[in-house]
Amino acid sequence: MTVAADPGADPGVDTKSELSGRGSMGDVVFRGIAVIAATLIMVALAAVFIFLGIEGIPGFSVDEQHYAGQGSFLGLVVPLLYATMYAAVLALIVAVPFSVAIALFISHYAPRRIATPVAYVIDLLAAVPSVVFGLWGAVVLGPYLVPTHAWLSENLAWLPFFDGQPSGNGRTLFTASIVLAVMILPIITSICREVFAQTPRLHEEAALALGATRWEMVRYAVFPYARSGMVSAVMLGLGRALGETMAIAMIVSPKVLISLFIIGTNNPETIAAHIAQGYKESTPDRLSVLIATGLVLFAFTFLVNALARWIVARGRAK
Amino acid sequence: MSIQVKDTSIFYGDFKAVEDVTMSIKPKSVTAFIGPSGCGKSTFLRTLNRMHEVIPGAYVEGKISIHGQDIYGPNVDPVAVRRKVGMVFQRPNPFPTMSIYDNVLAGNKLNSKRIKKSEADSIVESALRGANLWNEVKDRLSKPGMGLSGGQQQRLCIARAIAVQPEVLLMDEPCSALDPISTAAIEDLIHELKSDYTIVIVTHNMQQAARVSDDTGFFNLKAAGQPGHLVEFNPTKQMFTKPDNPDTEAYISGRFG
């Protein structure tokens, strides 16, 4: 029996191969490709993890001169991790309300001929290289925000974020967070938009028929339906913000420190920026320290994602 | 609350779905719309609470007034119309994340109204009693509405609709997704509700129209691709015994549709 099917063959002649073999070639090939692709991604992930482990673990305990003046690995990584989280959370605070509002505008408020171009432009934002965002933040947005910095330190100094001498060039964590927010906005917006648009029409009409305004309909029907999708969207945005390097590295002049103050000249340095700025002039010991901080970032993002999934799953079970 | 409909045509963009309907719906009675699929009876029903225009491009021409007030008048808020004219849909649609209790109160809590707990309790009880559901759910009001059976969910939706005390209740094939026993429960309920509400029901089931309604309107298409129109509107008894129009008789006796 031949497995390779001859399209010209009379189907009546070889009924056995008709039943058992014909057409299965495509299945075998496709199944093979699917399995290989799925395996490959797991292997790649494992390889990254193993690389980080092997190269990074020595970095936990090298001579203390390699810890950028912080004395020990913990002394270095804790402020870095803090800064990474701080910058990402600041970016989320700016980006999430905008993203949800834009997504709602596209899915439920705007007429279609406006919604489609708006959605397209937002998606295009995701295609802008992060170097360009960094440059824009440092050269354009930073100087533009200098008066804002001054205003914040004058009027909102009772908040620890703004209590101090404002930066004269606007290249601060404040500016960097806004740039980061712009960078994570497309992913959050497009996922929210997709889940909002999938709200069952039946639920929307249930709310409208009760005399709900459009906003009430959104609260009654769209948000409850989209909640877990919105959490995933925010977590993906958070993931991108945690790992983002260029925007922060290019905009701020960082120091390894823990501080809430975000509009000064000295800004907390994130892990990604620390690696990007340090790895070129590094000795092997210094390099393994940097890789070790990368390992911490990897583990941390992994934890954040696991936590997000747990939240989403718990929301569904209710 | 009588409903007067005059020369009303209904459009989806350029497509005219229903043409020139004129009818007068009596208060505190049950009016049924029957007709083959796609003849515009559901579309017409949805114009009575301005739900039709929720679909992009859809609009209505003509005049529809409820209790003497033109519901398509220039200063009329569709949201206010929908509070006066409740609606029950083909498939039960309780809010999936809400408990039975919150589902019933959903309409009352709109427009940021604050209700006292005792008042809320009594609204929930009377609405659920009104929908013949109280005895079945009174011990599990905090459970999700989606946990009920299909027929119970539909009665929950009726309770939700009557909790805001509308004047008119529209039902769009409320039994088409239900089994015969649940259907009988809903039909009994319709009989009870008509002492308080003006009820308009769309149904595919002619026996159901004959059982529950006082007046019946028969919608039909003139031809495929043509808009639907109202063929005949008469008391149900007359419609099912000696209709004026031969098309009505043909449809009711099962010769087409």
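The model is predicted, with local features needing pLDDT of at least 70 and side-chain atom pairs counting only at pLDDT 80 or more, while totals for chains, interfaces and linings use all residues. Residues are numbered from 1 along each chain as its sequence is written, and chains are lettered from A and ligands numbered from 1 in the order in which they are written.

In chain A, an unreviewed UniProt entry puts "domain: ABC transmembrane type-1" at residues 81–308; such positions are given in the numbering used here, feature names are shortened, and annotations may be inferred rather than shown by experiment. That stretch is 75% helix and 2% strand, and its end C-alpha atoms sit 19 Å apart. Helices (H or I, at least four residues) and strands (E, at least two) are DSSP runs, numbered from the N terminus.

Where the chains meet, 14 residues of chain A and 19 of chain B take part, contact being C-beta atoms, placed from the backbone, within 7 Å. On the chain B side, helix α2 (residues 78–84) gives the largest share, three residues. By class, that side has 11 nonpolar, four polar and four charged residues; Ala, Val, Leu, Ile, Met, Phe, Trp, Tyr, Cys and Pro count as nonpolar, Asp, Glu, Lys and Arg as charged, and the others, Gly among them, as polar.

Elsewhere in chain B, strands β1 (residues 3–12) and β2 (residues 15–25) run antiparallel, joined by seven bridges; pairing takes at least two DSSP bridges. They make a hairpin with two residues between them, and Gly13(B) in the turn has a positive phi of about 60°. Tyr12(B) has Phe15(B) in β2(B) as its bridge partner. β2(B) also runs parallel to strand β10 (residues 228–235) of chain B, through two bridges, with Val18(B) opposite Gly228(B).

Note on methods
Contact = placed C-beta atoms within 7 Å.
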